[in-house]
Amino acid sequence: MTSNKHIENKPVHPQTRIGHVHLKVSDLDRAIAFYSGILGFGIVQRYGPQAAFLAAGSYHHHIGLNTWESLGATPPPKGHTGLYHTAFLYPSRAELADALHRLIAADWPLTGAADHGVSQAIYLDDPDGNGVELYWDRAENEWPRDKDGTLTMNNTPFDLDALLAEFPR
């Protein structure tokens, strides 16, 4: 085996992105109703009653859902390792407002909302208890920085009523 010294010091390419998330769900139709019916992701392909792939636009898939090992299962108990949340980046504040309108129309409960300085985010759980973050990024030149230029993210309240008032349906 060769040394990892060179690899340890080499950062990943800055254009590397998370391409998709694949979730184990207990009920495929219920998960599709949430991710497609409420959030609006399109169904790209479905493999019978066991799996489906969903996307925004024409991408092959942003979300994979399956019941291969989890049909009828319960969420993992609190205090255990696992996925904290999946984050979906919206292209604008207006599109985030649209997502909030969809959640309100579906009477879907939120678990939180925050302004992080670099972004504004809405938090909720999917039907299987997986955390979901819906957010938009401010322009990088608007990100909060200290006098040395170091990023100073924060966690302040996000006024959802103001978001809704700015973008009425």
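Arg93 counts as buried because its relative accessibility is 15%, where buried means under 20% relative accessible area, exposed over 50% and partly exposed in between (1.4 Å probe, protein chains only). The residue lies in helix H3, which spans residues 93–105; helices (H or I, at least four residues) and strands (E, at least two) are DSSP runs, numbered from the N terminus. The model is predicted, so that local features need pLDDT of at least 70 and side-chain atom pairs count only at pLDDT 80 or more, whereas totals for chains, interfaces and linings use all residues. Residues are numbered from 1 along each chain as its sequence is written, and side-chain values use heavy atoms, with hydrogens and water left out.

The side chain of Arg93 takes part in polar contacts with the side chains of Gln120, at 2.4 Å, and Glu166, at 2.8 Å. A polar contact is a pair of N or O atoms within 3.5 Å; within protein, one must be able to donate a hydrogen and the other to accept it, and residues adjacent in sequence count only if both atoms are side-chain atoms. With neighbours within four places in sequence left aside, Arg93 is in contact (heavy atoms within 4.5 Å) with Gln120, Trp136, Phe158, Ala162, Leu163, Glu166 and Phe167.

Asp159 is found in the loop between strand E8 (131–137) and helix H4 (160–166). Because its relative accessibility is 48%, Asp159 counts as partly exposed. Polar atoms of the Asp159 side chain lie 3.1 Å from the backbone nitrogen of Asp161 and 3.0 Å from that of Ala162. Between Asp159 and Ala52, the separation is 107 residues in sequence and 35 Å in space, C-alpha to C-alpha.

Within H2, the buried residues include Leu28, Ala31, Ile32, Phe34, Tyr35 and Ile38. An α-helix has 3.6 residues a turn, so residues three or four places apart point the same way. Just after H2, Gly40 adopts a positive phi of about 95°.

Not counting residues up to four places away in sequence, Leu39 touches Phe34, Tyr90, Arg102, Leu103 and Leu134.

Asp107 occupies the loop between H3 and strand E6 (110–115). With a relative accessible area of 67%, Asp107 is exposed. Its phi is near 55°, a positive value in a residue other than glycine. Most residues other than glycine have a negative phi.

In overall architecture, the protein has four helices and eight strands, which follow the pattern α-β-α-β-β-β-β-α-β-β-β-α along the sequence. Its C-alpha atoms fill a box of roughly 60 × 55 × 35 Å, taken along the principal axes. Of the 169 residues, 36% count as buried. Among contacts between residues at least 6 apart in sequence, 56% join residues at least 24 apart.
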